[in-house]
Amino acid sequence: MRIFSGIQPTGRKHLGNYIGAIRQYVEGQDRGDPAIYCVVDLHALTVPFDPHALREHVYDTAAMLLAAGLDTDRCILFRQSDVPEHTELTWLLSSVTAHGDLNRMHQFKEKTARQRELVSAGLFIYPILMAADILAYNAHEVPVGDDQRQHVELARDIAVRFNERFGETFVVPEVRIPEVGARIMDLQDPSSKMSTTSASPAGRVLVLDDPKTIEKKVKSAVTDSGSEVRRAPDKAGISNLISILSVVRGVEPEQVESEFDGQGYGAFKTAVAEAVVEYLAPVRERYEEIRPDEKALEKTLEKGAERAHAIAHPIVDDARRVMGVGPAA
Ligand code: AMP
Ligand code: TRP
């Protein structure tokens, strides 16, 4: 079982990223053969960015993943741009990707609507690069949050179309989305997902927020005029807090509901705040230790890239060969 996932380099990973994705990466380390995790700096070029900040954010994200518990003796952690097979395979796969499919991607539509500057061609072909990330490793399983489901489905379609056209070459990957916590919602606007770019900073808990800030954000989370701690379509705020607490404590949402039955929102929010603080504190502490040593981080990424390259190279070579690109083997 080969596992692959990618994460964008930013300095501001939030609780949604942690619960939806990072937690799964850590869990996958001992199932993956191997588990491969990639900081996708090339994806970050598709929206406006600052070159200096980009490099820093790769270190921020790598340090965050290590602080969360990734152990490079048990997984491969690397920077996307260090393995050129990703970009080469993107081009090869573009010949079996329908323009119309790219046009249907929700994330493309959302990001285009928000973009006031140039809408780059890169933003449009972003999902092909993501498919290349996955297919270059013949990954079986792709752990992501719910917002990436459509992209992984496209990667599957691309693999199937490639195999039909050129012969069995790629593994068709399966998406892995957590049962609870696949879509953590914004604390100030529980009808939208928690995101790095949303309007209100109070709506997202950052992994590196200090305990006071976390407490304040959780306690001021938007709820409803009722008082019952239970999940319901018209109780988006409370439902979200129930998901968060159940994941953080490692219990079923039903258990959270029965524990707080009749207790009111105040006591419930206090418990959520405490649990989140306790959950993130060790990650923040380890991060503070790991992040300053950029030389060590660079070395870790470099070693990861060597291992990643050894897997991707023969697979992408096969793809070229069956497509008639370059000399016969
Ligand atoms: P990104 O930072 O956009 O690269 O996202 C990294 C991972 O976090 C992806 O697997 C996303 O699906 C996941 N993710 C992002 N936002 C959320 C959220 N609000 N709830 C759950 N998972 C999320
Ligand atoms: N697009 C993903 C996101 O924004 C990141 C990503 C890039 C990814 N390549 C990937 C996720 C490959 C899974 C597999 O979150």
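**Charges.** I began with the charges of this predicted model: the mean positions of the 39 positive and 50 negative charges of the protein lie 3 Å apart. Here Lys and Arg count as positive and Asp and Glu as negative, while His and the chain ends are not counted. Each charge is placed at NZ of Lys, CZ of Arg, CG of Asp or CD of Glu.

**Ground rules.** I noted that residues are numbered from 1 along each chain as its sequence is written, and that chains are lettered from A and ligands numbered from 1 in the order in which they are written. In this predicted model, local features need pLDDT of at least 70, side-chain atom pairs count only at pLDDT 80 or more, and totals for chains, interfaces and linings use all residues, while side-chain values use heavy atoms, with hydrogens and water left out.

**Overall build.** I found 12 helices and 5 strands; these are DSSP runs numbered from the N terminus, helices being H or I of at least four residues and strands E of at least two. The radius of gyration is 21 Å, close to the 20 Å from the globule rule for 329 residues, so the protein is as compact as a globular protein of that length. That radius is taken over C-alpha atoms, and the rule is 2.2 Å times the number of residues to the power 0.38. I also saw that 51% of the 329 residues count as buried (under 20% relative accessible area, with exposed over 50% and partly exposed in between; 1.4 Å probe, protein chains only).

**Strand β1.** Next I looked at β1, where 4 of the 5 residues are buried, so the strand is largely enclosed by the rest of the structure. It runs parallel to β2, joined by 5 bridges (strands pair if DSSP finds at least two bridges between them). F4 stands opposite I36 in β2.

**Helix α3.** Which residues are buried in helix α3? I listed E85, H86, L89, T90, L92 and L93. Their cover includes β1, β2 and β3, along with α6, α7 and α12.

**T61.** I found T61 in helix α2, residues 51-68. T61 is buried, at a relative accessible area of 1%. Not counting residues up to four places away in sequence, T61 touches I7, Q8, P9, T10, K13 and V39 (contact means heavy atoms within 4.5 Å).

**Q115.** My last stop was Q115, in the loop between α5 and α6. Q115 counts as buried at 16% relative accessibility. Q115 and P48 are 67 residues apart in sequence, yet 8.9 Å apart in space, C-alpha to C-alpha. Leaving aside neighbours within four places in sequence, Q115 is in contact with V47 and P48.
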